[in-house]
Amino acid sequence: MPARTYHSTGRVPPPWGEKLLAHPFEVVQGIIAATFGAMLIAGEAWKSYVPSPPVEQLSTWQAWMMGGSLLAGGIAIITSMLAPMPDIEAEYLVERAGLLAATSGWVTYVAAVYAWGQSYGGALVLGIGSSTGLMIRFAVSYIAERGLCWVATMPGGRRVLRILGLRS
């Protein structure tokens, strides 16, 4: 399946557009989480705005925590995927923190929707699907990092990582 993946032009460090093409799911999930988190926070700040009826039933602190975790998680995911960082370890650390924060926000949203009533099937699918996808990405990030660590232990591996722009 190597022909089905994006291959960069080889520029080091890769420009943000290439990073976007390499990680479209993660960036889109980050944008969705950040946008929905901002909507939930706006709904708490201005009570006349209701972004999601099930969330309206949550206590104020629960709604703020859900919105904040989605917003912060989404921003961290986008930042880890697109922004230049000092090294690959920093990228993985920021990404994993964002994945965990966004997942906790989505799980809280699923619980709120489920408690409100199962008539919001689309919202349940959105929350469960996003949570599942983000947790799979969390696992994949460990697998990818382990692969880089393996390369670093090979003879000349640290040099290869430096050539690729990945400090070890």
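A residue counts as buried when its relative accessible area is under 20%. By that rule E44, with a relative accessible area of 11%, is buried. Please keep this cut-off in mind for the views below, which come from a predicted model.

Figure 1. Let us start with the overall picture. The chain has seven helices and zero strands, and from the N terminus on its elements run α-α-α-α-α-α-α. There are 168 residues in the chain, and buried residues make up 37% of them. Of the contacts between residues at least 6 apart in sequence, 65% join residues at least 24 apart.

Figure 2. In soluble globular proteins, nonpolar side chains tend to be buried together. Here the largest nonpolar core holds 23 residues, and V55, M66, L70, W106 and Y109 touch the most other members. At least two residues of this core come from each of helix 2 (24-45), helix 4 (60-82), helix 5 and helix 6 (121-153). Helix 5 gives the most, with seven residues.

**Figure 3. F36, W106 and Y109 form one aromatic cluster.** A pair of aromatic rings is described by the distance of the centres and the angle of the planes. The model has five aromatic pairs. One of them, F36 with W106, is stacked, at 5.5 Å centre to centre and 5° between the planes. F36 lies in helix 2 and W106 in helix 5, so this pair ties together parts that are 70 residues apart in sequence. Both F36 and W106 are buried. F36 also pairs with Y109, this time edge-to-face, with 5.0 Å centre to centre and 80° between the planes. That pair links distant parts of the chain as well, with F36 in helix 2 and Y109 in helix 5, 73 residues apart. Like F36, Y109 is buried.

**Figure 4. A salt bridge joins R137 and E26.** Side chains of opposite charge can pair when their charged atoms come close. The structure holds four salt bridges. In this one, the side chains of R137 and E26 meet at 3.3 Å, N to O. Because R137 lies in helix 6 and E26 in helix 2, the pair ties together parts that are 111 residues apart in sequence. Are these two partners buried or exposed? R137 is buried, with a relative accessible area of 13%, and E26 counts as buried at 9% relative accessibility. The picture widens when E95 is included: E26, E95 and R137 are linked in a network of salt bridges.

**Figure 5. Helix 5 and helix 6 are linked through R96 and E145.** The side chains of R96 and E145 meet in a salt bridge of 2.8 Å, N to O. R96 is in helix 5 and E145 in helix 6, 49 residues apart. Both R96 and E145 are buried. Look next at E89, which is also found in helix 5. E89 counts as partly exposed, at 38% relative accessibility. The C-alpha atoms of E89 and E145 are separated by 8.2 Å, although these residues are 56 apart along the chain.

**Figure 6. E44 and K47 meet in a salt bridge.** This is where the opening example, E44, returns. The side chains of E44 and K47 meet at 2.9 Å, N to O. E44 is buried, at 11%, whereas K47 counts as exposed, at 55% relative accessibility.

**Figure 7. T103 sits in helix 5.** T103 lies within residues 88-116, the span of helix 5. At 7% relative accessibility, T103 counts as buried. Which residues is T103 in contact with, leaving aside its neighbours within four places in sequence? They are S131, L134 and M135.

**Figure 8. V28, I32 and L126 make a nonpolar surface patch.** L126 is found in helix 6 and counts as partly exposed, at 35% relative accessibility.

Notes: Residues are numbered from 1 along each chain as its sequence is written. Side-chain values use heavy atoms; hydrogens and water are left out. Helices (H or I, at least four residues) and strands (E, at least two) are DSSP runs, numbered from the N terminus. Buried means under 20% relative accessible area, exposed over 50%, partly exposed in between (1.4 Å probe, protein chains only). Contact means heavy atoms within 4.5 Å. A nonpolar core is a set of buried Ala, Val, Leu, Ile, Met, Phe, Trp, Tyr and Cys residues joined through side-chain atoms within 4.5 Å. Patches are made of residues with over 30% relative accessible area and no salt bridge: like charges are joined within 9 Å, nonpolar side chains (Val, Leu, Ile, Met, Phe, Trp, Tyr) within 5 Å. Accessible areas come from the Shrake-Rupley method with a 1.4 Å probe; for residues, only the protein chains shown count as cover. Rings of Phe, Tyr and Trp (its six-membered ring) pair if their centres lie within 6.5 Å; planes under 30 degrees apart count as stacked, over 60 as edge-to-face and the rest as tilted.
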